[in-house]
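Reader: I've got a model open and I'd like to learn how to read it. Can you take me through some of its features?

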Amino acid sequence: MTALRNPRWQTFALLVAAIALPLIVRNGAFTNFLTDAGAFVLLALGLNIVVGFAGLLDLGYAAFFAIGSYAYAMLASPQFGIHIPFWVMLFVASAIAAIFGILLGAPTLRLRGDYLAIVTLGFGEIVPQTFLNLAQWTGGPNGIGSLDQPTFFGYRFGFNVTPYYYLMLALIVLAVFLVGNLRDSRLGRSWMAIREDELAAAHMGINTTSAKLAAFALGASFSGLAGVAYGAKLQLVSPDQFQFNVSVAILSMLVLGGMGNIPGVIVGSLVISSLDRFILPQATSFLQNSVHVNVDLTNSRLLIYGAILVLMMLFRPEGLVPSRQRAAELHAGTSDPNAVAQEQELYTEAVS
Amino acid sequence: MDVFLQQVINGLSLGGIYALIALGYTMVYGIIELINFAHGDVYTLGTFFSLAVLTLLGVSGEVHGPALIGIVVLTIAVAMLLCGLTGVIIERLAYRRLRNAPRLAPLITAIGMSFILENIMQYWRGPSPIGFPQVVPNPTFHLGPVEIGAKQLLVIVLAVVMMIVLQLFIFNTKLGKAMRATAQDRDAAQLMGININTTIALTFLIGSALAGAAGFVSGVYYGSTWFFNGFAAGLKAFTAAVLGGIGNLAGAMLGGFLIGLIESLTTQFISDQWSNVVVFSVLVLVLIFRPSGLLGESLPNKV
């Protein structure tokens, strides 16, 4: 029984289940859904570094996703006749995304938190608009199609979704490993110190600017990975895949699951993806065909994201699957007796 | 040169709309240091409310004479009232509880409220653009080489009048004084017997009412609207508020007119497609090089 409570075993069991899932449920549409959801898990893990760990609100995260996708589309498609292999592009695109993260972050990270949110929001608007406007290179509103399919030791991924599923799973495992290690590293601890009190962190000798810049760059690099994998799977990029609501959807995943907590972020992104792709369309067709109520719940996405953000922040800011530290922090300043007790507990833990 | 002057006129009337919205951003930011993301959607709601009033009155085309004044005043008044109430309700539901929470929290609920309002408007009038009746006749007046339409004149005059009234209210009434005191130091203001909750609610009421007025004039000016209108307009108005110096009323007005000018000149001399990119680049540049804005004072980090 103890094995069930051991997080290592739990992770292992989940991984085995994830590997077995498409073999048991032999349904292409379902595997396709899981693969897309996987891209959003990757994105949420990346945004979690920026928002969850370092406490910097990035409202234009989809821009880095766009940059990753377009990097793959331009360097691995008939568009310019350049065909860099997929596996190389994973590194190249995440490096490009990270560079853009630094370019955006370097001048703006000195700003107060809410200004940063607005600047990233503006960036998130500029990037897809630029890809839309530069039609001679990016195909404008049509985007770029027939991107190269990855090959793995001679095996072509083709149009079947299953290999992309395993690709996404492998990237998620890699990301969880990296993000977990980052969290426990010296850098990760300085992120959390900055999140909790930037001034105090600076006085403790943390170089807050470079730590925040690292969070921005690393966070962006994960969306570069997601962009390449998603682009390769879809074989198409177009500017409308990267609108503001994508950034907010990813943010809702963090807020719902629990900012700063890796399992929470994964749960949150899976819940939102299933709502978006699975539950809402299913419920709509059920209502329309079986109950004959003519409502289209898929039109309620904005309302649902919005309600999640508002209700979670008001009633459970630490998310559904919280990390204990973040919970205590977010309840600080409110008169919630549990939070005060929890904070004291954490304090005594830290002192002893 | 004539084209340039003409675009200046166009930019000023566009800017009047942005300035009215920017006032709401800057007032709310000044008093509770929150970027009220939902403000742009309150502005769109103003257009929607105006449209509803005009529909109720059975107005679908141009109106002339005294009836025009009556209809314009009535529609603006109703739109301002309803938007003001919406603002107060949003503050009560989504922001008041989080007043002492970490700053990220109210910012996230503000984005949530914005999405909720957008979806409500989408339910109300559907996802496509909606026509706005051409209530105001649009004769053009010639000023030397340039011409100015009656609608443009309406926008500019209305914006300037509202700003003057607001300025008088803030600096010459007791409630205005309470607002300034609350913005300066909330705790001290409370100790002096100012009701903080009422004052903050009043700020939302006024700011949102101005957005409601802007909603009406934008309906008249553009002749159409849609549920997502407030996103870009809100972002531009926020840029205007930051450009002028956030928390500073005169700055918001100046910023609004400047952003309007930048937008119309970009549209004329570069291209329509790039106007948003240029405006947001201005925002990024202002925040980087002069975060306190043109008229704002720089604030030290509060401990």
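Author: Let's start with one residue. Leaving aside neighbours within four places in sequence, B:Ala178 is in contact with B:Ile194 and B:Thr199; contact here has two C-beta atoms, placed from the backbone, within 7 Å. This is a predicted model: local features need pLDDT of at least 70, side-chain atom pairs count only at pLDDT 80 or more, and totals for chains, interfaces and linings use all residues. Residues are numbered from 1 along each chain as its sequence is written, and chains are lettered from A and ligands numbered from 1 in the order in which they are written.

Reader: Where is B:Ala178 placed, and is B:Ala178 buried or exposed?

Author: For burial, count the other C-beta atoms, placed from the backbone, within 10 Å: 20 or more is buried, 12 or fewer is exposed, and in between is partly exposed. B:Ala178 counts as buried because it has 20 such neighbours. Its place is in helix H6 (residues 174-184) of chain B; helices are DSSP runs (H or I, at least four residues), strands are E runs of at least two, and both are numbered from the N terminus. The C-alpha atoms of B:Ala178 and B:Ile194 are separated by 6.5 Å, with the two residues 16 apart along the chain.

Reader: How do I read two packed helices?

Author: Two packed helices are described by the angle between their axes and the distance between the axes. The axes are lines fitted to C-alpha atoms, for helices over the stretch in contact, and angles run from 0 to 180 degrees between N-to-C directions. Under 35 degrees is roughly parallel, over 145 roughly antiparallel, 65 to 115 roughly perpendicular, and the rest oblique. Take helix H3 (residues 28-53) and helix H8 (residues 162-184) of chain A: their axes come within 9 Å and cross at roughly 15°. That makes H3(A) roughly parallel to H8(A).

Reader: What classes of residue are in the contact of H3(A) with H8(A)?

Author: Ala, Val, Leu, Ile, Met, Phe, Trp, Tyr, Cys and Pro count as nonpolar, Asp, Glu, Lys and Arg as charged, and the others, Gly among them, as polar. The contact of H3(A) with H8(A) has 17 nonpolar, five polar and one charged residues.

Reader: And how are H4(A) and H11(A) oriented to each other?

Author: The axes of helix H4 (residues 61-75) and helix H11 (residues 208-234) of chain A come within 7 Å and cross at roughly 50°. H4(A) and H11(A) are therefore oblique to each other. By class, their contact has 13 nonpolar, six polar and no charged residues.

Reader: What about phi?

Author: Most residues other than glycine have a negative phi, and most peptide bonds are trans. A:Gln235 has a positive phi, near 65°, and is found in the loop between H11 and strand S6 (236-237) of chain A. B:Glu33 also has a positive value, near 55°, and is found in the loop between helix H1 (2-32) and helix H2 (39-57) of chain B.

Reader: How many residues does each chain give to the contact between them?

Author: Chain B gives 37 residues and chain A gives 37 residues. On the side of chain B that touches chain A, the largest share, 13 residues, comes from H4(B). That side divides into 25 nonpolar, nine polar and three charged residues.
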